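Good morning. I will take a few minutes on charged side chains that pair up.

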Amino acid sequence: IASFGGSVVPSELFAFLTCDDQRRAAFVNNLVEFTLAHGFHGIDLGWLYPAPQERVWQYTTKSYVRLLRDLRLACDLNGLVLTVTVPSRPSVIEVNYPVEKLDKYADYVILSTTEFRKLRKTSFIAPLYSCSPGSSNSIVSINLLLTIEINCNMAGLSCGKIVIVIQTMTLTYKLYIQNEYRVGTPALQLKIRPYYKICRKLYSGSLEIWDSNVRSPYAFRDLSWYSYENEKSVKEKVCFVVQQGLGGLAVFYYDEDDPINICGDGQYPLTAIVVAAMNSQYHPP
């Protein structure tokens, strides 16, 4: 699927391209032509966020809905899938998106899972569950299980349309105190890098820890602390998708999933794990 938009594309650009019928029609045609010309099977709309300010909510919402409607018609005519990418947090979705129209026009709604990270405290990249009951650790008080339950039961999204993201990047924190490995430890800096750029550091002396409550790994070495996805955490998310009756999994971003096998785990290792686990209907022990 070809994804258009994302956090680096200003919302104002989408608003400009969709503010009148002629310009919006040309935009839709360009998206479809690009998608077909490059052999993609569908279009993903990543408009973040269509209503960044309350005073423009009504205006941008109408433009967003009209764009979804036109894309739906164009995709149907050309045999393409239509997905939309939105933030994971239900409160953000409700404020910025017309939820009922997402459910009506999109084949799938992709939850980006990028809002779980913390800038100044070590945190998991996409925690599946919270810490153990009674834990005071607020770092993982928001997790995928909670967001899925709220989105399905309160926000009004159809669970069968929800797709969760497997991220190919790594959260790399620089710590204040060497080897202070606890989750929620204050950090000097956060860098976000593709996993293949730090895997050799993980393989050469870093200590990896598996959090059995959150179902995610993390690792640390000296003043560096890492959060990322690995084979075990990806398989856990596959099982979660099956158990919750969700629409599926998406890999963001495919071209950053070690395309030339730098880590030695094969080309596109996370994508390969997702495909293999989904085909085998993996169930964790």
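What follows is a short walk through some salt bridges in this predicted model.

Some background to begin with: side chains of opposite charge can pair when their charged atoms come close. Searching the whole structure turns up 10 salt bridges. I will go through three of them.

Start with aspartate 70 and arginine 24, whose side chains form a salt bridge at 2.7 Å, N to O. Aspartate 70 belongs to helix 3, residues 57–78, and arginine 24 to helix 2, residues 21–37, so this pair ties together parts 46 residues apart in sequence. Are these two residues buried or exposed? Aspartate 70 and arginine 24 are both buried.

Next, arginine 72 and aspartate 107, where the salt bridge is 3.1 Å, N to O. Here arginine 72 sits in helix 3, while aspartate 107 is in the loop between helix 5 (99–105) and strand 4 (108–111), and the two are 35 residues apart. Arginine 72 has a relative accessible area of 12%, so it counts as buried, the cut-off being under 20%. Aspartate 107, at 26%, is partly exposed.

Glutamate 236 lies in helix 8, residues 231–244, and arginine 215 in the loop between strand 8 (207–211) and strand 9 (216–221); 21 residues separate them in the chain. Glutamate 236 is buried at 10% relative accessible area, and arginine 215 is partly exposed at 28%.

Last, a network: Asp21, Arg24, Arg69 and Asp70 are joined by salt bridges that share partners. Arg24 and Asp70 are the pair I began with.

How values were computed
Residues are numbered from 1 along each chain as its sequence is written. This is a predicted model: local features need pLDDT of at least 70, side-chain atom pairs count only at pLDDT 80 or more; totals for chains, interfaces and linings use all residues. Side-chain values use heavy atoms; hydrogens and water are left out. A salt bridge is a side-chain nitrogen of Lys or Arg within 4 Å of a carboxyl oxygen of Asp or Glu. Helices (H or I, at least four residues) and strands (E, at least two) are DSSP runs, numbered from the N terminus. Buried means under 20% relative accessible area, exposed over 50%, partly exposed in between (1.4 Å probe, protein chains only).
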